[in-house]
Amino acid sequence: MPVSDTAPEQASEPDGDALPVNELFASLQGEGKLAGIPSTFVRTSGCNLRCWYCDSYHTSWEPTGAWMAVEEIREQVASRDPDHLVLTGGEPVIHDAAVDLLGAVEMHTTVETNGTRYVDADIDLASISPKLANSTPTPDRDPAGDGEWADRHDERRIDHDALTRLIDSYEFQLKFVVADESPVDEIESLLADLRGSTTREIRDADVLLMPEGATRERLDETRAVAARLAEEYGYRYTPRIHVDLWNDAPER
Ligand SMILES: C[S@@+](CC[C@H](N)C(=O)[O-])C[C@H]1O[C@@H](n2cnc3c(N)ncnc32)[C@H](O)[C@@H]1O
Ligand SMILES: Nc1nc2[nH]cc(C(=O)O)c2c(=O)[nH]1
Ligand code: SF4
Ligand SMILES: [Mg+2]
């Protein structure tokens with residue numbers, strides 16, 4: 001059962017290091033370079049952005065979760081089989097206690113982040129998914145209102161300095177959500193900027209195009225174009241195998 005099912009509606013922040021946890025579960029990593037690897041997922045609640053397509057609505061648009069002490073999370077994670085932890089959200093690195101959790105576990109750590117904040121932490125793979133203009137919740141595609149978040153989202157979604165520092169500091173992948181050709185120019189220009197600012201090489205194989213879709217039906221509409229663009233531009237395609245396998249089921 002998702003942790004949030006058992007949480008009081010208005011759970012307040014406890015003393016000490018704690019994170020608001022929306023779900024904690026075992027699955028296969030569904031996306032990116034490590035797709036297919038059995039992993040334990042910790043999904044924090046709360047995000048500084050509001051992508052219209054967010055497949056984790058209850059951590060962004062309507063954040064829900066139960067505060068858990070970092071030590072309790074560490075114990076629950078350690079009691080499970082996988083030796084890979086995926087810390088995701090919501091946006092996990094807006095919580096300072098994310099750094100404590102990453103330092104407390106003895107396993108491979110992937111952090112799924114939108115790349116708007118740099119943190120110094122025990123991160124083995126920074127899975128960075130910069131948010132493009134195609135994520136902005138304009139009035140016509142706002143799932144919760146009438147575009148009230150659009151400007152704030154647009155102002156915050158790209159932070160070149162944070163992206164550069166993350167790439168400089170960690171093994172990384174850059175995952176871009178695409179549903180059609182429209183974001184290609186923005187991807188190319190962002191990569192050109194980042195290649196100019198980072199001390200590291202950004203190989204085309206570090207750049208992954210991911211089809212937009214939280215359901216199999218939607219992926220059926222977006223997979224082919226993501227794959228075609230990856231071939232055409234020399235980037236990598238990443239499936240969303242958790243959606244293919246389990247559709248939009250919770251804890252998957
Ligand atoms: C829910 S986000 C949480 C981590 C972080 N906030 C971020 O955006 O990277 C996890 C991953 O799912 C992707 N994602 C969210 N909704 C999606 C959708 N409808 N289709 C494809 N990818 C999606 C994000 O781009 C990100 O790579
Ligand atoms: N299986 C599975 N793999 C994932 N990789 C990244 C996810 C995420 O929501 O951040 C995710 C997810 O929600 N499920
Ligand atoms: S940044 Fe990530 S968690 Fe936040 S709204 Fe976008 S996809 Fe959802
Ligand atoms: Mg997900």
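Around ligand 2, the predicted model places Ser27, Leu28, Gln29, Gly30, Glu31, Phe41, Arg43, Thr88, Glu112, His242 and Arg252, each with a heavy atom within 4 Å of the ligand. By type, this shell splits into two nonpolar, five polar and four charged residues, with Gly counted as polar. Polar contacts here are pairs of N or O atoms within 3.5 Å. Thr88 puts a polar side-chain atom 2.5 Å from an oxygen atom of ligand 2, while Ser27 has one 3.4 Å from a nitrogen atom of the ligand. On its own ligand 2 would expose 320 Å², and the protein buries 93% of that (Shrake-Rupley areas, 1.4 Å probe). Strand E1 (18-28) and strand E2 (38-44) are the elements that supply two or more residues to the shell (strands are DSSP E runs of at least two residues, helices H or I runs of at least four).

Leaving out residues up to four places away in sequence, Val42 touches (heavy atoms within 4.5 Å) Val21, Glu23, Leu24, Ile73, Val77, Leu85, Val86, Leu87, Thr88 and Leu101.

Residues are numbered from 1 along each chain as its sequence is written, and chains are lettered from A and ligands numbered from 1 in the order written. Local features need pLDDT of at least 70 and side-chain atom pairs 80 or more, whereas totals for chains, interfaces and linings use all residues; side-chain values use heavy atoms, without hydrogens or water.

Definitions and conventions
Polar contact = N/O pair within 3.5 Å; in protein donor to acceptor, adjacent residues only side chain to side chain.
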